[in-house]
Amino acid sequence: MIDYAKVVPQRVATMKPSGIRKYFDLAATMKDVISLGVGEPDFVTPEHIRNAGIKSLLDGKTAYTANYGLIELRRAISSYLENRFSLSYHPDNEILATVGGSEAIDLCMGAFLDDGDEVLLPEPAYVSYAPLAANQRGVPVILETKEENSFKLTPEALKAAITPKTKMLVLCYPNNPTGAILTKEELEGLAAVLRDTNIVVVSDEIYAELTYGRRHTSIATLPGMRERTVVVSGFSKAFAMTGWRLGYCCAPVELMTGVGRLHQYKLMCAAGVSQRAGIEAMTNGIPDIEYMREKFDERRLYLHKALTDMGFDCFMPEGAFYMFPSIRKFAPTSEAFCEQLLASQKVAVVAGDAFGACGEGHVRISYAYSLEALKVAMGRIEKFVANK
């Protein structure tokens, strides 16, 4: 009989399940649950984008594409990034279409990490970074961000964490789960620390279009940073295209070569139908972004007021579509709060420690859901905390 303990590597066997999926799966087994746990826009992919995908199928365009993606898509991404964020990448060899932004992150881990290389991870952060780094035999090094600093990585914390083994810094701003952003001035402080190193920056900018009150700045636009930065983004959040599984990464050709080689062997290419829909999104979808951002902002303002009126201490997010309130007044742990709320009021949110140990004492609430759903959920949460 096979000994499975000897088959599955320890790095996989000890990998924690996603804390996001835990509450999503629990909610799926219950009736009348309002789930505010998943970071998925409630909007349907805009019709003109869907029609572009449908047309590609009706036209019989069902074959593999180039490994790096359709050149038309890469040209559209290049133009979009230049126009929206002043980022300049050549479509021939500096832009790679991926199966979601998640594949791009995994590719970067595989392309740049050797055994024992340290990966600096500001937390709270998206759940996949540390496991993906560890699976590539990298060593995650956690940089705790604090609410009193608006959950922002500081130059001082970055400098203190760098060692001779440091290979990579992963930035995610606008941030999931906190909604924090970094201004150009704050990014310049980080850049000053990084410029004289060999550290590669993986900048996850999937929420770049979802900022409120100011435009997003990419660290790759700062002097001396383009040469060491891989910009990762995609279509899921800004264009409501989660199920299309289309992302991309951009970097100088010297960095992109290794990333592209891994992509060739892992997944070959992103789905052609998604790529052709992506061309339409990049070319004609800016009004859709503006409309959805306005709706997210309306929900953001409502949710923050509702939570603070109930007595939550709650950081006002400036980006993405998440609220990260403290629950310390109402429960001993984040997990206890989530489990009790789900059991008594049928509202699902995500425990803050799913995003790193420093997220303990908070929960993540997504406002990628309709205002109507949020109002019902807040009514239930108000009943829950009233009994605390």
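These legends describe close-up views of a predicted model. Local features need pLDDT of at least 70, side-chain atom pairs count only at pLDDT 80 or more, and totals for chains, interfaces and linings use all residues. Residues are numbered from 1 along each chain as its sequence is written, and side-chain values use heavy atoms, with hydrogens and water left out.

**View 1. Helix α4, residues 47-58.** Helices (H or I, at least four residues) and strands (E, at least two) are DSSP runs, numbered from the N terminus. Helix α4 has 12 residues, which should span 16 Å at 1.5 Å a residue. The expected span is 1.5 Å times one less than the number of residues. The end C-alpha atoms of α4 are 16 Å apart, which agrees. Gly-60 follows α4, and its phi is positive, near 75°.

View 2. Ile-49, Gly-53 and Ser-56 are the buried residues of α4. They lie on the same side of α4, because they cover an arc of only 60° around the axis. The arc is that of the directions from the helix axis to the C-beta atoms. Buried means under 20% relative accessible area, exposed over 50%, partly exposed in between (1.4 Å probe, protein chains only).

**View 3. Packing of α4.** The buried residues of α4 pack against α11 (272-284) and α12 (286-310). Contact means heavy atoms within 4.5 Å.

**View 4. An open sheet of 3 strands.** The order is β9-β12-β11, with antiparallel pairing. β9 (322-323) and β11 (350-351) stand at the edges, each with a single partner strand, so one side of each lacks a neighbour in the sheet. Two strands pair if DSSP finds at least two bridges between them.

**View 5. β9 beside β12.** β9 pairs with β12 (residues 363-366) in the antiparallel sense, over 2 bridges. Met-323 stands opposite Ile-365 in β12.
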